[in-house]
Amino acid sequence: MKISIQTLGTRGDILPFLTLARALMDAGHTISLLAPRDYSALIRQFGVQVATPPAFSVSDWMQRSRARGTLRGPVRFFRDWPVMIRPHLEDVLERSLEAARGADLVLANPIAVPARIAAEHAGLPFILMALQPVITPTGALPCAMIARRPMGPLLNQASYLAVSLALAGLAASLGKARRRLVPVPRPGFANLGRHLGEPLTRLTALPAALGVTSPADFDPASHLVDYPALQSPNSALPETLAAFLASGQPPVYLGLGSMEVADSDALLASWLGRLEAAGQRAVIATSLAGHPPGPLGPHFVAGALPHDHLFPHCAAVIHHGGAGTLDTASRAGCPQIILPQVLDQFWNAHMLTARGVAGHARTPRPKADEIDMLIGHALADETRWAARSLAASLPDPARAVQRIVGIIEQTAGDWRARAR
């Protein structure tokens, strides 16, 4: 089977689909992956075919969004829609249509909305996979893109209205193209329950460390699955980093993923100062340090490298709350400190903190006393024990990703059976 995976967003939105792509390839399927051009080299490193990417750079987009505050909340997001979203839609749609040609199935994340039109146009089965609660309304979980913690069944359910509003905006922007490409009947664009007259398969992939169980009010086409854990093809760490790790006690990792952070120099200085006061050394992500890889005083600046091979050497992980980093740190048995910046990162932080293996900052720029409290909690013996116990209880990642492969194959088989 030929599968077109289409995913937009930052590195954290790409990596789990690469893990899934590799599992699908191992099962005998042919995979192409459409993603921002920033990640073409990364996709090739995993041995996955790169579909022709859209022209825009997600790195440039993130810099602009930070300056404008686009991702600080739904109000700002909709305010910036004409400038930040609409100009890219036609290009992304053309690339989506191209990537879907000759495929047997299209799998996409919710950000890659044009993928749905491409699947409709080609008459292909379509699967949505989200990395946070966002595509299936439920009273058990809030829409994590806007809610920072559980709010009770009624408010949880109502929070998904924000998704409907975003889809309504996309319908207005893409409606003319969709009417040209897709014959009637067409479900409303805000209707995520149907695709070409059939139930739309939806996967909500969450880190098992969050302890979320499948909601009782999920419909049969909706599935809660474990986040596809990162499995890097290259396990080797740079020699200089390996020497640093071997030269002393386990360091604390400090990085904020692909987030563009204002006053990053001040943020880094405040955390490094408090870590040094606690007698700790750190491995710092290049994206945060603004410094080339190598020693930085008693610390070490590391370039892009596999977290799944680095984190087992760390005493704790300080990060932004992205699902991938959270999952990888949890599987490594690391206590965590979360500094959420935008969207679902706040909900992730709340959920993991409730499990006793993490703490999260109350403000984007915590004061010294709060930093000391968070570091002390992360390095405490009871937190370390809880993190290791949680890691030991997590399901086997290979079996988890095989479940997703099985759902994809079942969906394709059901479509073939109905077409006969």
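**Figure 1. The surroundings of T136 in the predicted model.** In this predicted model, T136 is in contact with Y160, R202, F218, D219 and S222, once its neighbours within four places in sequence are left aside. T136 belongs to the loop that runs between β5 (126-130) and α7 (153-159). With a relative accessibility of 4%, T136 counts as buried, because buried means a relative accessible area under 20%. One of the residues listed as its contacts, R202, is also joined to T136 through the side chains, by a polar contact of 3.5 Å.

Figure 2. E120 has its place in helix α6, which covers residues 114-122, and with a relative accessible area of 4% it is buried. When the neighbours within four places in sequence are set aside, the residues in contact with E120 are R178, V182, P187, H195 and L196. L196, for its part, is found in the loop between β6 (194-195) and β7 (198-199). Whereas E120 is buried, L196 counts as partly exposed, at 33% relative accessibility. L196 also has a positive phi, of about 50 degrees, although it is not a glycine.

**Figure 3. L343, a residue with a positive phi.** In L343, a residue other than glycine, phi is positive and near 50 degrees. The loop that holds L343 lies between β15 (336-338) and α14 (345-353). With a relative accessible area of 25%, L343 is partly exposed, because this class takes in values between the limit for buried residues, under 20%, and the limit for exposed residues, over 50%.

**Figure 4. L8 in the loop between β1 and α1.** L8 is found in the loop that connects β1 (2-6) with α1, and at 9% relative accessibility it counts as buried. Apart from its neighbours within four places in sequence, L8 is in contact with D13, P36, P54, F56, V92, N109, I111 and A112. Although L8 and V113 are 105 residues apart along the chain, their C-alpha atoms are separated by 9.1 Å.

**Figure 5. The largest cavity and the residues that line it.** The structure holds one cavity of 30 Å³ or more, and the volume of the largest cavity is about 30 Å³. Its lining is made up of V252, L275, A316, I318, I337, I375, A378 and L379. Two elements, β14 (316-319) and α15 (368-379), each give two or more residues to this lining, and the largest share, three residues, comes from α15. By type, the lining residues of this cavity divide into eight nonpolar, no polar and no charged.

How values were computed:
Residues numbered from 1 in each chain as written. Predicted model: local features only at pLDDT ≥ 70, side-chain atom pairs only at ≥ 80, totals over all residues. Heavy atoms only, no water. Helix = DSSP H or I, 4+ residues; strand = E, 2+ residues; numbered from the N terminus. Buried < 20%, exposed > 50% of the residue type's maximum accessible area, 1.4 Å probe, protein only. Contact = heavy atoms within 4.5 Å. 1 Å grid on protein atoms, 1.4 Å probe; cavity = no way out; pocket = protein on both sides within 12 Å on 5 of 7 lines; lining within 4 Å. Points joined across faces, edges and corners; volume = space filled by probe spheres on them. Nonpolar A, V, L, I, M, F, W, Y, C, P; charged D, E, K, R; others polar. Polar contact = N/O pair within 3.5 Å; in protein donor to acceptor, adjacent residues only side chain to side chain.
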